[in-house]
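Please keep the sequence and the model open while going through the points.

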Amino acid sequence: MDKGDVLDPALTRIEAELASPDFRAGVQEGKWCLVDFKFPILKIDINGTKPDGTRALYRIWFEVRGFPGQRVWAQQWSRINDCAATPAERPTGNERVENAFRGWESGGGIHLYCPWEREVAATHPNFLTEFPEKSWNNNRNLIFILEELYGLLNLNNFPGSPR
Amino acid sequence: MQHQSTIESVVILVECAGKTDIQEIEIPLGSKVRDIAIRAGEICGIPFEEIKIFDQDSEVELDLELLIDSKYPHHHTHHAHKQKHIKVEVFYGGGEHKKEYPPTAKVETVREWAVKEFRIDPSKAPKMELAKHGTKVELPRDARIGRFVPPKEDELKLDLIEGVKPNG
C-alpha cells in the first residue's frame, strides 16, 4: 500500500481485533489461529472435535468488506486445496454442526448456515427475530463469530455424542 | 504491533469478573501475583485484597506472593474474581438444582452436571445448553463461569434449554 492511501475502516477494525487480548487468548488456548489476512479475505483455522473424539482443524474463509456494519460472508475452506471445502471435508456428528456446515449455496456462493452470516441473514430476515442471540448486531465482533464456530465445532466433545 | 514480552516485563491476559472482554496486564518481571491482583482490582472496581487470581484451569487461587519470573507461565490466561466459589442454580422443567463451582469452572462442566441432575435422556443431552436465566442467550460451553458473574456477586442462575438449530 502506498503512503497516502486511505486505510479501509474494515481493514483497520479486523487488524485491531486480530491484535486484541480476546483473539490472542484464543490462540494461546489452542482454540483458533490466524492463517492469513489479505483484505478483504481472512482465513482462520478453528480447532474442533470429530465424532470419534479426535481433534481436527477446520479452516474458515471470511470476506470482510464493510465489517462490522456489513455481515461477513463465511464458508468452510479446504486446508488441502485452498478452495471451498468439499463435502468430504465437512465436520460431521452433532446435528447442529452438520446443519451449520452443510455447504449451503445461495447468491452464487457457498455459506456457513449461521444467522450471523451475510447471505443467510439476507435470505432469512425472520432469523433476526427468531434467533436474536445468534444474529449479527452492532455490538458484535469477530470474537463472537469465532466463539460461535468453536462451540459448534466442538459439540462432538461430549459423552453420549454421536461416535 | 507485536505483543512480545520484553526482557523487563511480561504481558498477562486476564479474564476479570463480569467482563466479557479479556484484559491485558503488563507487569515487570520480578513482580508478584499480588501485582496482577492490584491491576485486576482496579479493572473490577474492588479492593485488591479481595481479589483471587486463578491460573487458567486451576480451581485453587494463586499465592499472591508467588514470583513472576522468566519461568512463570505468563502465557496462561488468568482469571480474577472476588469469590472462591460461585453458587450456581440451574432451572429446568419447573425444577432447580444448586451446586458451587470455582470461577474457573467451564460452562461445559456445569452443563454436564445439570444434564445428569435433571436426568435428561441421553439422546437429548447433546442438544442441551445453558443460558442465562430467563433468556435464550446460550453460554459458550468453553467459557469460564466467572465471566458471567459481576465482581460483587456470588450467584449465577441458569436455564437448561435446547440448543438452537436454525432452519429456514
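1. A residue counts as buried under 20% relative accessible area, as exposed over 50%, and as partly exposed in between, using a 1.4 Å probe and protein chains only. This is a predicted model, in which local features need pLDDT of at least 70 and side-chain atom pairs count only at pLDDT 80 or more, while totals for chains, interfaces and linings use all residues. Residues are numbered from 1 along each chain as its sequence is written, chains are lettered from A and ligands numbered from 1 in the order in which they are written, and side-chain values use heavy atoms, with hydrogens and water left out.

2. Side chains of opposite charge can pair when their charged atoms come close. With a salt bridge taken as a side-chain nitrogen of Lys or Arg within 4 Å of a carboxyl oxygen of Asp or Glu, the count over all chains is 26.

3. In chain B, B:K84 and B:E61 form a salt bridge whose closest N and O atoms are 3.4 Å apart. The two residues are 23 apart and link distant parts of the chain, B:K84 sitting in the loop between β4 (78-81) and β5 (86-92) and B:E61 in the loop between β3 (52-55) and β4; strands are DSSP runs (E, at least two residues) and helices likewise (H or I, at least four), numbered from the N terminus. B:K84 is partly exposed at 45% relative accessibility, and B:E61 is partly exposed at 30%.

4. Salt bridges that share partners also join A:R96, B:E108, B:R111, B:E129 and B:R141 into one network.

5. Which residue does A:K43 pair with in a salt bridge? The partner is A:D82, with the closest N and O atoms 3.0 Å apart. Because A:K43 lies in strand β2 (residues 41-49) and A:D82 in the loop between β4 (73-77) and α3 (95-100) of chain A, the pair ties together parts that are 39 residues apart in sequence. A:K43 is buried, at 13% relative accessible area, whereas A:D82 is partly exposed at 48%.

6. Rings of Phe, Tyr and Trp (its six-membered ring) pair if their centres lie within 6.5 Å, and planes under 30 degrees apart count as stacked, over 60 as edge-to-face and the rest as tilted. The whole structure holds 11 aromatic pairs over all chains. A:W104 and A:Y113 have ring centres 5.4 Å apart and planes at 70 degrees, so this pair is edge-to-face, and both residues are buried.
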